[in-house]
Amino acid sequence: MKDLNFNADKVLAKDFLSNFADANGDAKYMNILQEVANHKIKAVQIDLEDLFNYKDLDEEFLRRVTENTRRYIGIFASAIDELLPEPTEAFHDDDHDILMTQRAEDGTNNADGSEPQQKMPPEIKRYYEVYIRAPSKGRPFTIREVKASYIGQLVRISGIVTRCSDVKPLMQVAVYTCEECGYEIYQDVTARVFMPLFECPSKRCYVNKTKGNLILQLRASKFLKFQEAKIQELAEHVPKGHIPRSMTVHFRGEMTRKVAPGDVVELSGIFLPIPYTGFRAMRAGLVADTYLEAMSVTHFKKKYEEYELRGDEEEQIARLAEDGDIYNKLARSLAPEIYGHDDVKKALLLLLVGAPHRKLKDGMKIRGDLHICLMGDPGVAKSQLLKHIINVAPRGVYTTGRGSSGVGLTAAVQKDPVTNEMVLEGGALVLADMGICAIDEFDKMDDLDRTAIHEVMEQQTVSIAKAGITTSLNARTAILAAANPAWGRYDLRRTPAENINLPPALLSRFDLLWLILDRADMDTDLEMARHVVYVHQNKESPALGFTPLEPSVLRAYISAARRLSPYVPKDLEEYIATAYSGIRQEEARSNTPHSYTTVRTLLSILRISAALARLRFSETVAQSDVDEALRLMQMSKFSLYSDDRKKSGLDAISDIYSILRDEAARANKMDVSYAHALNWISRKGYSEAQLKECLEEYAALNVWQIHPHTFDIRFIDA
C-alpha cells in the first residue's frame, strides 16, 4: 500500500467542498458554510452520495473516506477551517466568541511556539461539527452483520431504540491555567476518560524548576453534548432460535435528542472499539467493547407532528378530501387482505385519527384518544387487524396479555448499569405515548395487571411510588385490545355480561366494545372463502373498485386531519343529549343489557363525532357525524341484536314497523320524515331496502300514507 498523503487529501476535500454543485447548479457546501459563518447552523453534513456523483471524483479518495472515516472527519474539518467565508449577517457574541477574541490577543504574548500543549487546538476554535453521511443506496446492515472487518468504517444499520441516556456534557478540550507563569495549557480529550495534567509543561516553569500548579478552567474548556443509546435488532432480522443482538450508539453534538425509546431508525455511523474503563477493565482484561459513533439518523415513521407534507402529497390529500366517499375508502384501505369487517375498520380508522384533547381553565384534562376493544370468536382476524394498525401508526407498541405483567406495561424501577443508580424504565404504555398500544389476548391477563391499565385509560398518566421514586409519567395512549369471550367462543345461551367477563369499570372506559361473532351463513362463508383463496394465490387483495391507499399516504392524510380541532355547535347540544338519554332508557328497559352506559358513553359519542369531523377537514361537528357515531355504537353489538330478534320471533319488517311506531309515539307526532326513519332503523342494523319494503307493505294495509316523492310517512289515526 502506498504512503498516504493527508495533505493531498485535504486539497481534494477543499476542491470538492468549494466546487460541488447540486442538481440546480448551486454551490451546495459553500452555501452551508455561509450559514455556519452566520451562526445559523452548527452541523455540516457531507453526503458521500455527493462525493460519488462529483465530476472530478477520485475513486481511491472515496474508498479511503469510507474505510477511515474518523480520520477524514478531521481532514474535512481542517479544510472547512480554511474555506470558511466571512459572516454576511450580524450576530450576537456569545461566551465562546468573547473567549476566542481574548485568546487571539493573548496568543501573541504567551506562546513561545516550542510547546505543543500551548498551541491552541483547532477543535476549540470551531463552533460547528462535521458529519459524514453514508449513501442511502442498498440495504442497511443488521447488527449481527457488522463484523470486525468493518472497524473504523462507515456503516449503515437499522434497528429499534430500546433505551436512551440523558444528554450530558462531554469534555473535548480541557483548558488549564498555570498559577506560576499564567500560561493557558490545552489538552485534547479523545476518549471517555482522561488523565488530567498536574504539572505545568511550559518552558518557563521548566527552566525555573517551579512545577507550576495547573487549575482546570471549566468555563474556557470545550464541551460537547453527548448521549448514549442502545439499539436492538428488528424482530424480522433475527435468525430462528436466536435472541436479538444490541449495540451501543454514541450521539454527539447536534445528533443528540434525535431518538427516543421505541423508535425504529436507520443510523449511519463509524463502527469503533472502546476499551473498558475503571473496575470493569480489571475483569475484562484485554477484551474491548464496540460502539457506533452516529453520523446521521433517519426515522422509518415520522410522528404526526413532524410530518411535513411535500407538494405532491398536499395535492393528493386535497384531492382525497374533496372525494365524497373518502371515509369508506380510507377504512377499506386498512388491511384490504382481510375480508369484510367494514364497520370495524371504520372504527379503527377513527382510533388512528382521534379527537382533540380538551384542557379546561382549571387545568383538568379530557382525553381525546379513543379506546377500542375487539371481542370475538377465534379466527375472525382480530390479531391481524391489531398488527396492521401498529404498522400504519407512526408510534405503536404491540404486546400480549400473558407476556406482559403490570410492571411491564407501566414502568419498572431498574439499576442503571453505567451509574448504578435506580432509574425508571418505561413499559409498553409509556413507550406508546402519543401513539397506539395494542394488547392482544386481553382476557388472559391477570386481574392485578389489568388494574394498571385503568389509570392510563382515563387519566392518561402512570403514577409510580417505588424504591424512593415517586413520579407521574405521561401515557397519552390510544388502547386497542383484542380478547376472546369467557369460554373461548361466544355462548349464546348465556348473557352478554357473562360472555364478556370484563369488569364494568374497565368496560366503561372503552369507547367501543366490538363483538365479532363467527356465524355460519352460506353466502358470507362462500364470499370469505373465495377472498382468502384469492389472497393466498396472488398475495394481494381482490379488486376493491379503487386503488387502496398506501400506509404512507394514510399517515400523511391522518397527520393533516389531526391538525384540526372541531367543536360541537350549539344547535347539536339538544340532539346529542336526547340521543344519550334514549340509549340510557333503552338499557333500563332491557332485561339483559348488552353494554354498560355511563357519562363516559356520552363523551365517547362526542369523541367519535369529532374524529369524523376531522376526517372531513371540518372545524365543526355536523349532525351526520353524531348519527354515524351512534350507528357505530349500535353496530358494535349488531350480531347480538339480530340474535335477540330471532329469539323474539319478529321478522325484519315487523321490527322496523315497531321501531318507527315507538319513535313516533315518543316524539308525539303523526308525521315522520324519511331521513329520520332511515336514521332510526340504521342504528338497529337494518338496510334502506328493508325500510322501503316495510313502507310498501304497511301502506297496502292502510296503516300509514307515503308521500310519493319524499317518501315521508304519515300515520293514519285509527
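V672 stands opposite I713 in β24. This is a predicted model, in which local features need pLDDT of at least 70 and side-chain atom pairs count only at pLDDT 80 or more, while totals for chains, interfaces and linings use all residues. Residues are numbered from 1 along each chain as its sequence is written, and side-chain values use heavy atoms, with hydrogens and water left out.

Helix α25 (residues 652-667) packs on the sheet, touching β22, β23 and β24, where contact means heavy atoms within 4.5 Å. The direction of α25 makes about 75 degrees with that of β24 (axes are lines fitted to C-alpha atoms, for helices over the stretch in contact, and angles run from 0 to 180 degrees between N-to-C directions). Helices (H or I, at least four residues) and strands (E, at least two) are DSSP runs, numbered from the N terminus. The sheet itself is open, with 3 strands in the order β22-β24-β23 and antiparallel pairing; two strands pair if DSSP finds at least two bridges between them. Because β22 (671-672) and β23 (704-706) stand at the edges with a single partner strand each, one side of each is left without a neighbour in the sheet.

Another open sheet has 5 strands in the order β14-β17-β20-β13-β21, paired in parallel. Its edges are β14 (396-400) and β21 (512-516), each with a single partner strand, so one side of each lacks a neighbour in the sheet. From one strand to the next, the twist averages 15 degrees. Helix α12 (residues 342-353) packs on this sheet, touching β13 (372-376), β17, β20 (478-483) and β21.
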